[in-house]
Amino acid sequence: MNRICAALDLADPVSAAQLASKLAGHVGLFKIGLELFVAHGPAAVDAIRGYGLPIFLDLKLHDIPQTVEGAARGVARLRVQYVTVHASGGAEMIRAARRALPETKLLAVTVLTSLEAAPAEVERLARLAVDAGADGIVCAPTDVAALRKALGARPVIVVPGIRPAGSAAGDQRRIGTPRDAIRAGASILVVGRPLRDAPDPAAAADAILREIDAT
Ligand code: C5P
């Protein structure tokens, strides 16, 4: 299975679909984030659906349980394969999202990769989320090894902040290479700018795949 999730972080569905068409066949999933979804809503999901890959809707829901449950019911109607909530919303909020999304993989963000975080806090949030019914978690490259050990083999571990050797960190603080993240136990690598800003996004994805296969 291709473990690269391309973050289609663009402002409009046409540009996102253009990037998706270049990357289809070279990545395993497409991620739609807040910028695109807030501006274009379900139309953004529809623009990407035609490429035949699973869709990861990165909404990072975080509110009182009842509000998150209502939002999650809306997500269920979009028929996406993955959605995110913030683990810091608490166990009850995660259970509420779970109830509304029986068929969607529910991922809990531990601590944003743009922030510093104490390892014990990341692990506490990850355990809380999985115990409350999340299918997996999202964490920084620097936390993968400890979390895979703490959570065992089952939970999906999704890792953003991926930077192939030689690419710019941007605003990400806790970055890692594709190879190291997979070695440490990552299930899925979220790659945004290193693909979006590459002169040839498909070639950039292929290079990451080769790097992973070399592990
Ligand atoms: O461009 P870059 O590779 O840094 O993109 C990373 C993507 O992963 C962005 O879409 C960002 O919103 C997302 N993300 C993150 N940190 C998290 C969860 C998601 O950077 N904890």
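For the residue classes used in these legends, Ala, Val, Leu, Ile, Met, Phe, Trp, Tyr, Cys and Pro count as nonpolar, Asp, Glu, Lys and Arg as charged, and the others, Gly among them, as polar. The model shown is predicted.

**View 1. Lining of the largest pocket by residue class.** The lining of the largest pocket comprises 13 nonpolar, seven polar and nine charged residues. The space in this pocket amounts to about 640 Å³. Its lining is made up of 29 residues, of which Asp9, Lys31, Asp58, Lys60 and Gln172 are the closest to the pocket centre.

**View 2. Helices and strands that line the largest pocket.** At least two lining residues come from each of α2 (34-40), β3, β8 and α9. Strand β3 provides the largest share of the lining, with three residues.

View 3. The ligand sits in the largest pocket.

View 4. In the side chain of Asp9, a polar atom lies 2.7 Å from an oxygen atom of the ligand. An N or O atom in the side chain of Lys60 lies 3.5 Å from an oxygen atom of the ligand. The ligand taken alone exposes 470 Å², and the protein buries 88% of that area.

Key. Residues numbered from 1 in each chain as written. Predicted model: local features only at pLDDT ≥ 70, side-chain atom pairs only at ≥ 80, totals over all residues. Heavy atoms only, no water. Polar contact = N/O pair within 3.5 Å; in protein donor to acceptor, adjacent residues only side chain to side chain. Areas by Shrake-Rupley, 256 points an atom, 1.4 Å probe, with all protein chains shown as cover. 1 Å grid on protein atoms, 1.4 Å probe; cavity = no way out; pocket = protein on both sides within 12 Å on 5 of 7 lines; lining within 4 Å. Sits in = over half its atoms within 2 Å of the grid points. Points joined across faces, edges and corners; volume = space filled by probe spheres on them. Helix = DSSP H or I, 4+ residues; strand = E, 2+ residues; numbered from the N terminus.
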